[in-house]
Amino acid sequence: LASLMKLYLTLRQIENNSRQILTSAGDGIYGIDIDGITIFVNPAAAKMLGWNQSELIGKDKHTTIHHTKKDGNSYLTEECTIRKVFEKT
């Protein structure tokens with residue numbers, strides 16, 4: 001049981017260190033889960049997008065930040081190229 005607790009604490013420390021690095025990066029970093037739900041947005045990405053981080057976390061990326069095709073028409077959720085990449089993995 002003690003070894004599991006030590007492993008848990010080590011993994012939490014790695015997560016915290018990674019989050020600090022990603023948060024402080026000058027480039028925009030935007031993370032979504034396999035369902036397209038936003039799980040991480042660093043301050044640079046939020047600023048680029050014109051949103052607050054709290055307005056993005058936990059929201060569906062496709063419906064929050066809707067992108068368009070080259071011809072200006074909107075993608076349907078099922079056609080979203082980013083979502084399709086996650087569905088293939």
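This is a predicted model: local features need pLDDT of at least 70, side-chain atom pairs count only at pLDDT 80 or more; totals for chains, interfaces and linings use all residues.
Colleague: Which residue does E15 form a salt bridge with?

Modeller: R12, and the closest N and O atoms of the pair lie 3.8 Å apart. The criterion is a Lys or Arg side-chain nitrogen within 4 Å of an Asp or Glu carboxyl oxygen.

Colleague: How many salt bridges does the structure hold?

Modeller: One.

Colleague: Why are R12 and E15 about one helical turn apart?

Modeller: Because they sit three residues apart in helix 1. R12 is partly exposed as well, with a relative accessible area of 37%. In general, side chains of opposite charge can pair when their charged atoms come close.

Colleague: Where is L7?

Modeller: L7 is in helix 1, which covers residues 2–24. At 48% relative accessibility, L7 is partly exposed.

Colleague: Now the whole chain. What is the secondary structure?

Modeller: Five helices and two strands, taken as DSSP runs numbered from the N terminus (helices H or I, at least four residues; strands E, at least two). From the N terminus, the order is α-β-β-α-α-α-α.

Colleague: Why call the chain more spread out than a compact globule?

Modeller: Because its radius of gyration is 16 Å, well over the 12 Å that the globule rule gives for 89 residues. The radius is taken over C-alpha atoms, and the rule is 2.2 Å times the number of residues to the power 0.38. The C-alpha trace spans about 55 × 30 × 20 Å along its principal axes. As for burial, 22% of the 89 residues count as buried.

Colleague: Which residues make up the largest nonpolar core?

Modeller: Five residues: V41, A45, A46, L56 and I65. Such a core joins buried Ala, Val, Leu, Ile, Met, Phe, Trp, Tyr and Cys residues through side-chain atoms within 4.5 Å.

Colleague: And what is A45 in contact with, leaving aside neighbours within four places in sequence?

Modeller: G28 and I29, with contact meaning heavy atoms within 4.5 Å.

Colleague: What share of contacts with a separation of 6 or more comes from residues 24 or more positions apart?

Modeller: Those residues account for 14% of such contacts in the chain.

Key:
Residues are numbered from 1 along each chain as its sequence is written. Side-chain values use heavy atoms; hydrogens and water are left out. Buried means under 20% relative accessible area, exposed over 50%, partly exposed in between (1.4 Å probe, protein chains only).
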